[in-house]
Amino acid sequence: QNSLLEELVFSEIAGAHGPEGSTLGDDGMISAPSDEGCILKHNPITMKSERRVTTGGGPLGIAFDQHSNLLMADAFLGLLSISPTQTVCKEPTLPTVINKVGNDVNIAPDGKVYFSVASTKFGALEFGGTYEASLLDIMEHGGHGRILICDQKVKSTTIL
């Protein structure tokens, strides 16, 4: 019998909903995106959360880079970067086709950013949200997803 989940602890997430992912920062704080378009910062010791920054989009996957910037795959805005001073900027090295439904982001030890796009055909903005766009893509079975590699050193993005 597996009873590990009996020790699960729930915590308030600053009145937000639906974190899709999370990442641990160098400061020991957990960052997570919300359905409301904000990034939450959670203190695992006090179990308190606060809204760190609002992106104005639909943040999904997130990861910290080597410079403590929080990179974020946003379903509405593409790949975003949030600096340690809370400045939000769009990554300029990515082609506009990925702005359809950005899904997840991971950073390799060499600094390259791996970024997934759920669909290059059905965008969350055009079709009423990520759920609606994903249903259309699933029904079509068109294989519109992509994984991209963004090499920020040489300012290029390629399809994996």
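Q: Among contacts in the protein between residues at least 6 apart in sequence, what share joins residues at least 24 apart?
A: Of those contacts, 39% join residues at least 24 apart, where a contact means heavy atoms within 4.5 Å. The model is predicted, so local features need pLDDT of at least 70 and side-chain atom pairs count only at pLDDT 80 or more, while totals for chains, interfaces and linings use all residues. Residues are numbered from 1 along each chain as its sequence is written, and side-chain values use heavy atoms, with hydrogens and water left out.

Q: What elements does the protein have?
A: The protein has one helix and 12 strands, in the order β-β-β-β-β-β-β-β-β-β-α-β-β from the N terminus. These are DSSP runs numbered from the N terminus, helices being H or I of at least four residues and strands E of at least two.

Q: Why is Thr55 called buried?
A: Its relative accessible area is 12%, and buried means under 20%, exposed over 50% and partly exposed in between (1.4 Å probe, protein chains only). Thr55 is therefore buried. Thr55 lies in the loop between strand S4 (48-54) and strand S5 (59-64). Leaving out residues up to four places away in sequence, Thr55 touches Gly37, Ile39, Met72, Asp74, Leu77, Leu80 and Ile82. A polar atom of the Thr55 side chain is 3.1 Å from the backbone nitrogen of Gly57.

Q: What makes Phe76 buried, partly exposed or exposed?
A: Phe76 has 24% relative accessibility, so it counts as partly exposed. Phe76 sits in the loop between S6 and strand S7 (78-82).

Q: Which residues form the largest nonpolar core?
A: This core has 10 residues: Ala63, Leu71, Ala73, Leu79, Val105, Val113, Phe115, Val117, Leu148 and Cys150. A nonpolar core is a set of buried Ala, Val, Leu, Ile, Met, Phe, Trp, Tyr and Cys residues joined through side-chain atoms within 4.5 Å. Another core lies apart from it, with seven residues, among them Ile39, Val53, Ile62 and Leu70.

Q: How do you know that S11 and S12 pair?
A: Four bridges join S11 to S12, which run antiparallel, and two strands pair if DSSP finds at least two bridges between them. S11 and S12 therefore pair. Ile149 stands opposite Thr158 in S12, and Cys150 opposite Thr157. In the hairpin of S11 and S12, with four residues between the strands, Lys155 takes a positive phi near 55°.

Q: What makes S10 and S11 a pair?
A: Five bridges join these antiparallel strands, with Val117 opposite Arg146 in S11.

Definitions and conventions
A polar contact is a pair of N or O atoms within 3.5 Å; within protein, one must be able to donate a hydrogen and the other to accept it, and residues adjacent in sequence count only if both atoms are side-chain atoms.
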